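Please consider the model shown below.

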Amino acid sequence: MKNWDSLDEHGVCTADKDCEDAYRVCQILDIPFHQVSYVKEYWNDVFSDFLNEYEKGRTPNPDIVCNKHIKFSCFFHYAVDNLGADAIATGHYARTSLEDEEVFEQKHVKKPEGLFRNRFEVRNAVKLLQAADSFKDQTFFLSQVSQDALRRTIFPLGGLTKEFVKKIAAENRLHHVLQKKESMGMCFIGKRNFEHFLLQYLQPRPGHFISIEDNKVLGTHKGWFLYTLGQRANIGGLREPWYVVEKDSVKGDVFVAPRTDHPALYRDLLRTSRVHWIAEEPPAALVRDKMMECHFRFRHQMALVPCVLTLNQDGTVWVTAVQAVRALATG
């Protein structure tokens, strides 16, 4: 599928090369090749949201939004409704609580009307589980995928390591995809300067870098929205590195602290927006006890942090971390 129109860009877009590679894989495996374009949907549901979030000073994760709206919604429905597929398979390193056979044996059941708490009485909810290769695990990016899609998705790489997958590819004459570099970062930006990229779409809003220690102005920047908590602030003329700890959206100032482990960079409490619960909405233990112990992460590949959840009336949740975490950015 193609999500980003390379004609818009001054940078490099690898979508066409990816398409060619996929086509060659299909030829080698002797299976049909289909191509769909979700450029419009991607722009409306993922990219516009990405820009809006940045403009509000938050740090969005477009990969999570893309999986939710594009891969596991548009693409999923195309496969099931237009191609008559029983399920979709993706190359994410993740697993679900269903065996592959169970996925194919299911009959499609319409979601019952009525209260959300009665929805899951029809059949067991599908859980999203971490991959065997914990370094490659991508469940973080799949955390907003719907039950409907998870129920009819298989993750063939879930039990394998990256090395083993490469071995299988080599044995099956798929050398042209073995040479490919890992796809890192956001699909639509590629290897470009992030600040320049954002400023193609958002108006610059100059402001000051201010020391959190003594309120001294240390330098200027092109827009407070270009910075996320914890990142190094490149301030000209200073010897040691300073890091972003706070942003003032009204005045447009960015507050910075010396040292990467400055106390101002740490937080142990956050409030979520309305939560997307994967399997049980919300978990019975949380409803019963109003509190629940679990683990959380707010960045791909960061170590899991023990925490306590407290459920609010409006479906939001307080997360209290057992130990303070660095650079907890909103969004």
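The questions and answers that follow concern selected residues.

This is a predicted model, in which local features need pLDDT of at least 70, side-chain atom pairs count only at pLDDT 80 or more, and totals for chains, interfaces and linings use all residues. Residues are numbered from 1 along each chain as its sequence is written, and side-chain values use heavy atoms, with hydrogens and water left out.

Reader: Is Ser-211 buried or exposed?
Author: Buried means under 20% relative accessible area, exposed over 50%, and partly exposed in between (1.4 Å probe, protein chains only). The relative accessibility of Ser-211 is 1%, so Ser-211 counts as buried.

Reader: How are the rings of Phe-50 and Phe-194 arranged as a pair?
Author: Rings of Phe, Tyr and Trp (its six-membered ring) pair if their centres lie within 6.5 Å; planes under 30 degrees apart count as stacked, over 60 as edge-to-face and the rest as tilted. The structure holds 17 aromatic pairs. For Phe-50 and Phe-194 the centres are 6.4 Å apart and the planes at 80°, so this pair is edge-to-face.

Reader: How many residues apart are Phe-50 and Phe-194?
Author: Phe-50 belongs to helix H2 (residues 39–55) and Phe-194 to helix H8 (residues 194–199); helices are DSSP runs (H or I, at least four residues), numbered from the N terminus. The pair links distant parts of the chain, its members being 144 residues apart.

Reader: Is Phe-194 buried, exposed or partly exposed?
Author: Phe-50 has 0% relative accessibility and counts as buried. Phe-194 has a relative accessible area of 25%, so Phe-194 is partly exposed.

How values were computed
Helices (H or I, at least four residues) and strands (E, at least two) are DSSP runs, numbered from the N terminus.
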